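Hi,

Here is the structure I promised to pass on to you. Have a look at it first, and then read my notes below.

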Amino acid sequence: MSKTVFILNGPNLNLLGKREPGIYGGKTLDEIRDDCVAAARDLQISTEFRQTNHEGVLVDWIQEAGEKAGGIIINPGAYSHTSIAIHDAIRGVKLPVAEVHLSNIHAREAFRHTSMVTPVAVGMICGFGPLGYTLALQALAPQLQAREEQ
Ligand code: DQA
């Protein structure tokens with residue numbers, strides 16, 4: 001059983017640092033990746049950190065994770081609120097999934113209050129900025145361990 005976690009990021013997250021810093025903070029996605037690599041090292045997990053602006057690419061990567069990974073952390077960006085394809089892909093792979101959002105989606109516009117991903121995730125972390133990613137790694141670690149012991 002794999003102790004690799006795929007950390008997948010959706011549209012516009014490549015612009016972190018420049019994009020609406022009042023909402024998303026000043027950290028770049030590269031800096032978040034570095035935080036994840038450090039946190040994963042402490043947890044003895046390896047990570048595969050990726051970003052795409054394309055829905056179908058996220059679907060491909062979720063399917064790839066199904067072959068290669070023990071779990072997924074995903075911030076699907078705006079696709080969270082619309083993508084039945086991502087919902088279905090997650091259902092299909094039967095991996096533990098942690099959904100992350102930098103902002104508190106429930107404290108924002110009504111169209112952000114629903115996520116297609118939350119019902120198929122083990123859990124969702126939102127509103128804690130980049131810390132959410134390392135919290136998600138900590139949250140998934142015991143799930144990976146449990147799968148290894150199965
Ligand atoms: C986001 C929240 C989404 O509503 C938004 O479309 C994003 C980022 C977040 O991390 O807070 O692109 O997923």
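Predicted model: local features only at pLDDT ≥ 70, side-chain atom pairs only at ≥ 80, totals over all residues.

Residues are numbered from 1 along each chain as its sequence is written, and side-chain values use heavy atoms, with hydrogens and water left out.

**The ligand**

Which residues surround the ligand? They are Arg19, Tyr24, Asn75, Gly77, Ala78, His81, His101, Leu102, Ser103, Ile105 and Arg112 (to be near the ligand, a residue needs a heavy atom within 4 Å of it). Sorted by type, this shell has four nonpolar, five polar and two charged residues. Here Ala, Val, Leu, Ile, Met, Phe, Trp, Tyr, Cys and Pro count as nonpolar, Asp, Glu, Lys and Arg as charged, and the others, Gly among them, as polar.

Ser103 has a polar side-chain atom 2.6 Å from an oxygen atom of the ligand. For His81, the distance from a polar side-chain atom to a ligand oxygen is 2.7 Å. In Asn75, an N or O atom of the side chain sits 2.8 Å from an oxygen atom of the ligand. On its own the ligand has 320 Å² of accessible area, and the protein covers 99% of that (areas come from the Shrake-Rupley method with a 1.4 Å probe; for residues, only the protein chains shown count as cover).

You'll find His81 in the loop between strand S3 (71-75) and helix H4 (84-93). Helices (H or I, at least four residues) and strands (E, at least two) are DSSP runs, numbered from the N terminus. Is His81 buried or exposed? His81 counts as buried because its relative accessibility is 14%; buried means under 20% relative accessible area, exposed over 50%, and partly exposed in between (1.4 Å probe, protein chains only). Not counting residues up to four places away in sequence, His81 touches Ile105, Phe111, Arg112, Thr114 and Met116 (contact means heavy atoms within 4.5 Å).

The other one, His101, is in strand S4 and is buried too, at 4% relative accessible area. Its side chain makes a polar contact of 2.7 Å with the side chain of Glu99. A polar contact is a pair of N or O atoms within 3.5 Å; within protein, one must be able to donate a hydrogen and the other to accept it, and residues adjacent in sequence count only if both atoms are side-chain atoms. Beyond its neighbours within four places in sequence, His101 is in contact with residues including Asn75, Met124 and Cys126.

**The nonpolar cores**

A nonpolar core is a set of buried Ala, Val, Leu, Ile, Met, Phe, Trp, Tyr and Cys residues joined through side-chain atoms within 4.5 Å. The largest one has 23 residues, and Val5, Ile32, Ile73 and Tyr133 touch the most other members. Strand S1 (4-9), helix H2 (29-42), strand S4 (97-101) and helix H5 (131-149) each supply at least two of its residues. H5 gives the largest share, six residues. Apart from this core lies another, of 19 residues, with Ile86, Ala89, Leu95 and Val120 among them.

**A few single residues**

Thr4 is in strand S1 and is buried, with a relative accessible area of 19%. Its side chain and that of Ser46 are joined by a polar contact of 2.8 Å.

Now try the loop between S1 and helix H1 (21-24), where you'll find Asn12. Asn12 is partly exposed, at 35% relative accessible area. Glu20 is also in the loop between S1 and H1; its phi is near 35°, again positive in a residue other than glycine. At 43% relative accessibility, Glu20 counts as partly exposed.

Enjoy exploring!
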